[in-house]
Amino acid sequence: MMEALNKKLVRDLWNIKGQMLAIIMVMACGIATFIMSFGVSDSLTLSRDVYYDRYQFADVFAQLKRAPYGVRQQILEIPGVSAVEVRVVFGVTIQVDNMVEPASGKLISLPDGRTPLLNNLYLRSGRMILPDEQGAILCSEAFATAHGFTLGDRISMVINGHKRSLSIVGIVLSPEYVYSLGPGAMFPDDKRFGVFWMSQRSLEAAVDMNGAFNDVAIRQDRGSNTAVIKQELDIVLKPYGGLVAYARDEQMSNWFVQNELDQLRVMGLFAPVIFLAVAAFLINVVMTRQVATQRVQIGMLKAVGYSNGEISRHYLKMVLMVVVVGSIVGIAAGVWLGAGMTNMYTDFFHFPILQFSFSAEVMIFSVLFCTLAAVIGTLIAIGQAATLPPAEAMRPESPLQFRRTLLERMGLEKYFSPLFRIVIRHVERRPVRTLLSTLGVGLSMSILIFALFMEDSITYLMEVQFDMAQRQDLSLGFTHPRAISALEEIRLMPGVIKVEPLRRVAVLLKSEHYAKRSSILGIRPNPDLHRILDRDLRAARVPAQGLALSSKLAEVLHVRRGDLVTVEVLEDRRPILKIRVAEIVEEFIGLNAFMDIDQLNRHLNEGPVITGASIMVDPLWNGPLYQKIKEIPAIASMNILRKAREIFREVMGENLLKMVAINVVFASLISFGVIYNTARIALSERGRELASLRVLGLTRGEVAYILFGEMTIIILMAIPVGLFIGYMMVLGMAQSMDTELFRLPAMVDKDTYGLSVIVVVLSAVLSFYLVWRQVENIDLVSAQKGVE
Amino acid sequence: MIENNGLNDNITFRTEALTKDYITGETVVQALRGVTLDIPKGDMVVLLGPSGSGKSTFLNIIGGLDSPTSGEVYFKKDRLSDYSEQQLTLFRRHNVGFVFQAYNLVPSLTALENVALVTDISLDPLPPMEAMKAVNMENRAHHFPSQLSGGEQQRVAIARALAKRPEVLLCDEPTGALDSETGIVVLKALRDVNKDYGTTTIIITHNAAIADMADRVIYFADGQVVNIKVNDNPCAPEEIVW
């Protein structure tokens with residue numbers, strides 16, 4: 001039954017293979033981005049959850065100065081606490097032979113003779129530490145990989161002022177350091193920050209902590225109240241110099257991972273949803289027009305006795321072939337790209353296993369979404385053709401009522417050639433179609449802008465961060481607060497051009513029931529190196545009185561200029577202060593508060609002390625300077641801003657830009673697919689008319705002018721539409737990318753707009769060329785006879 | 001009541017006070033203004049009349065392609081004007097063969113496949129090749145429409161229409177686009193189908209000469225039937241002087 005109709009299907013499809021290919025491409029791009037982005041996000045989330053669960057990542061954490069072991073029992077008695085692990089954690093400086101600048105690290109104790117109850121280690125290679133083993137450490141995989149360390153290699157580090165050489169017996173990963181950030185660093189730098197584990201008794205002996213601990217990790221019962229446990233823990237630890245306890249969501253590594261995942265989810269939601277929606281819209285429009293060109297045949301099929309249902313099924317089969325091929329290509333591309341993208345994340349997420357997987361729901365949803373769009377488009381077209389009585393459907397569409405266009409009625413007629421009049425009357429004759437075509441081309445252009453803006457925005461962010469705000473070459477951090485005279489010592493070091501003081505103090509900021517752990521950075525009122533920027537991103541003076549909060553921090557605390565915030569200092573005497581918000585400043589990275597350094601010291605009841613310095617350095621002296629810094633035990637951390645910028649470019653920039661590149665390629669393909677299809681359909685709709693004009697003596701060029709004139713007008717109208725929609729998408733994206741870690745400025749370069757216009761214009765030129773070759777083949781005689 | 005309306009199997013179509021209005025914009029065009037007539041079974045009927053006289057509208061309505069504004073259409077004993085969309089589709093599928101002026105062949109199917117398009121959905125069709133033979137097109141059966149002349153395409157269209165063994169064959173200007181020689185070949189094909197299968201055949205034409213081969217000639221003007229002429233001695237298509 002209906003074999004002939006199936007033959008028609010296959011031959012018709014083959015006949016318009018170019019257009020079908022374009023639709024398949026648009027659809028595959030939509031589905032691929034969707035599967036890739038959701039897959040990457042889901043894979044990372046799944047890897048994290050499984051890792052945390054299997055390796056007992058703790059729920060609540062606290063640091064303190066020093067407490068005897070007995071306190072452990074007290075902590076365990078807090079209601080809701082199901083497991084407690086106490087440890088010694090100590091900051092160390094590491095000396096790596098082939099690296100001029102110093103590296104810092106963390107040394108963590110491992111219980112002797114048993115596995116830790118919490119924050120267990122994944123052993124990548126080698127073995128665990130033996131009970132009471134001396135001189136052996138486990139090394140974090142990231143640090144080992146960055147330096148090419150293998151089992152048996154020795155690392156020399158300065159522990160508590162003593163230089164020790166330790167042998168690596170195992171390479172491990174920890175759920176606490178999925179994202180490992182050195183002290184004061186903005187981005188992970190695996191070369192300059194490493195984490196190490198050693199036998200508890202060995203470490204206790206090395207740092208004079210026998211029978212004591214300075215770090216607590218807790219697992220809470222399911223359903224217990226985290227806030228209450230934190231409070232109780234603070235009470236228990238207060239006599240022992242405990243800092244404020246914090247939960248998982250404030251744990252550094254997890255906070256970063258969570259922020260990254262949030263960003264990825266936004267990006268992985270926003271971009272593919274837009275891509276898929278645009279693709280679906282385009283498929284819908286293109287399919288409607290494709291089927292509409294078959295109106296005469298639909299009329300004939302009805303006349304000879306085919307029912308509407310049979311005819312719909314026939315065309316739906318055609319659509320489903322496209323959908324099936326598009327889906328297969330889309331899914332395959334999505335999985336392939338997703339696996340590649342996931343793999344790139346291993347650069348800054350240290351998971352034991354990170355494997356790309358995507359859920360069936362994501363696949364089914366994206367395929368169904370496109371299928372539905374195509375099917376609805378087809379049904380609309382069939383509906384339009386089928387509601388006509390067959391007799392009418394078979395007649396060529398009756399000439400629509402043309403009239404003088406708006407432009408002509410405005411009296412511009414005398415400037416128009418007859419050919420141009422044909423063109424603009426055609427444009428005006430079908431306002432809905434013109435609008436849809438314009439919107440289609442505009443949308444394909446807007447996703448290009450959207451794909452490209454990410455790079456603009458990050459470049460801009462880096463410029464603001466490093467050229468305007470943090471202009472120092474180096475930031476130093478001291479182990480303890482030092483007298484301001486330390487600045488003079490630094491000034492005398494080789495190559496130092498300029499030094500500015502920094503005083504950083506860890507605080508808990510509170511306003512009503514909102515609270516955030518952060519730090520206040522004291523700087524000079526008119527700094528030249530580490531500056532603060534006002535809302536217009538101009539360098540601002542540090543207020544003489546009160547705090548300057550970053551806009552995001554102000555948002556988190558729900559405070560405005562002039563409001564009072566409670567500042568609980570988390571160091572030494574731990575005073576609780578009330579300070580007024582004097583200024584809101586702009587920052588794209590982090591959640592910081594700033595204050596005049598002298599004022600900060602007064603609030604803390606301290607003399608002129610500093611905890612670090614910003615330095616401008618003559619790059620020729622980097623080597624001797626780094627050497628000098630390595631020799632000073634009081635310097636706990638050193639951040640090279642130029643290096644930070646490079647790392648940002650390498651790790652984040654590169655990964656993000658690869659995604660951007662994929663999106664740009666997809667957006668270009670979609671843009672081409674849409675324009676080519678629009679041009680190709682215009683040709684099939686108007687082939688006979690154009691042939692008649694050729695018979696009347698018009699040249700090929702003139703005929704092309706009519707055909708492409710209309711398209712050109714549509715593209716010209718689409719450009720401002722695309723620019724506008726593109727910018728709206730950028731604004732939407734910037735708004736949803738607003739995380740605590742990172743804000744994305746809605747910044748679009750002129751080049752991006754230019755490039756998107758160029759892609760659209762090139763797509764048009766290529767499409768015109770391809771369609772032009774078909775115009776050349778119009779058979780004048782048969783076109784006149786009415787043979788299709 | 002309707003059954004007792006004097007209808008019997010010898011009447012293929014009956015229309016009563018058939019009207020059809022087309023509304024275009026603000027004007028109403030009355031394409032049919034009360035057409036009442038009977039078309040006997042097995043007749044070859046020619047509809048004559050100037051453009052816009054309502055012939056095509058009439059043909060489309062009795063063929064189930066269009067519905068009347070008022071009035072009744074009976075096909076044999078059934079009232080066609082009561083049919084649902086679904087019933088009309090089945091009516092066309094099983095009872096009516098259409099031949100259009102523009103042939104309306106599917107360009108992506110060969111001549112034979114175009115015939116098969118219809119036999120695929122018919123209850124008791126002729127084998128497609130036999131239908132091709134009936135119009136002397138068996139040698140061109142595997143050509144695509146673009147490889148056939150106008151007359152050949154029209155003969156394929158006739159083969160497609162007769163392959164389902166329809167009760168009626170409705171032809172709208174079947175020779176309109178053809179020269180006289182080709183036109184006669186097409187008309188001969190129609191005459192043969194009418195005689196061999198007893199198919200009631202209704203042909204619309206501008207060409208008064210064609211009327212000579214009809215059993216019955218119905219003259220249309222201004223949406224009404226102005227004259228019906230019964231031809232006791234129809235001539236053979238070959239004798240028609242164009």
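This is a predicted model: local features need pLDDT of at least 70, side-chain atom pairs count only at pLDDT 80 or more; totals for chains, interfaces and linings use all residues.
Helices here are DSSP runs of H or I with at least four residues, strands are DSSP runs of E with at least two, and both are numbered from the N terminus.

Residues are numbered from 1 along each chain as its sequence is written, and chains are lettered from A and ligands numbered from 1 in the order in which they are written.

## Chain A as a whole

Chain A has 22 helices and 22 strands. Its C-alpha atoms fill a box of roughly 100 × 60 × 50 Å, taken along the principal axes. A residue is called buried if 20 or more other C-beta atoms lie within 10 Å of its own, exposed if 12 or fewer, and partly exposed in between, with C-beta atoms placed from the backbone. Of the 788 residues in chain A, 45% are buried. Two residues are in contact if their C-beta atoms, placed from the backbone, lie within 7 Å. Among contacts in chain A between residues at least 6 apart in sequence, 84% join residues at least 24 apart.

A:Pro272 gives a local view of this chain. Is A:Pro272 buried or exposed? A:Pro272 counts as buried because it has 26 C-beta neighbours inside 10 Å. Leaving aside residues up to four places away in sequence, A:Pro272 touches A:Thr33, A:Phe34, A:Ser37 and A:Phe38. The C-alpha atoms of A:Pro272 and A:Thr33 are separated by 5.3 Å, although the two residues are 239 apart along the chain.

## A sheet in each chain

Two strands pair if DSSP finds at least two bridges between them. In chain A, four strands form an open sheet in the order 2-10-1-11, with antiparallel pairing. Strand 2 (81-87) and strand 11 of chain A are the edge strands, each pairing on one side only. A:Val60 has the bridge partner A:Ala247 in strand 11 of chain A and the bridge partner A:Ile218 in strand 10 of chain A. A:Val81 stands opposite A:Gln220 in strand 10 of chain A.

Chain B has an open sheet of four strands too, in the order 2-1-4-5, again with antiparallel pairing. Strand 2 (27-40) and strand 5 (78-79) of chain B each have a single partner strand, so one side of each is left without a neighbour in the sheet. The bridge partner of B:Arg14 in strand 2 of chain B is B:Asp38.

| Strand pair | Bridges |
|---|---|
| Strand 1 (residues 60-68) and strand 11 (residues 246-247) of chain A | Two bridges |
| Strand 1 and strand 10 (residues 212-220) of chain A | Six bridges |
| Strand 2 and strand 10 of chain A | Six bridges |
| Strand 1 (residues 11-24) and strand 2 of chain B | Eleven bridges |

## Two residues with positive phi

A:His558 has a positive phi of about 55 degrees although it is not a glycine. A:His558 lies in the loop between helix 16 (551-557) and strand 18 (564-569) of chain A, and counts as exposed because it has 11 C-beta neighbours inside 10 Å.

In chain B, B:Asn104 has a positive phi of about 50 degrees and is not a glycine either. B:Asn104 sits in the loop between strand 6 (96-99) and helix 3 (111-119) of chain B. B:Asn104 is buried, because 23 other C-beta atoms lie within 10 Å.

## Where the chains meet

How many residues of chain A are in contact with chain B? There are 27, and they meet 24 residues of chain B. Helix 1 (3-15), helix 8 (295-303), helix 11 (390-394) and helix 22 (780-785) of chain A each supply at least two residues of the side that touches chain B. Helix 1 of chain A gives the largest share of that side, eight residues.
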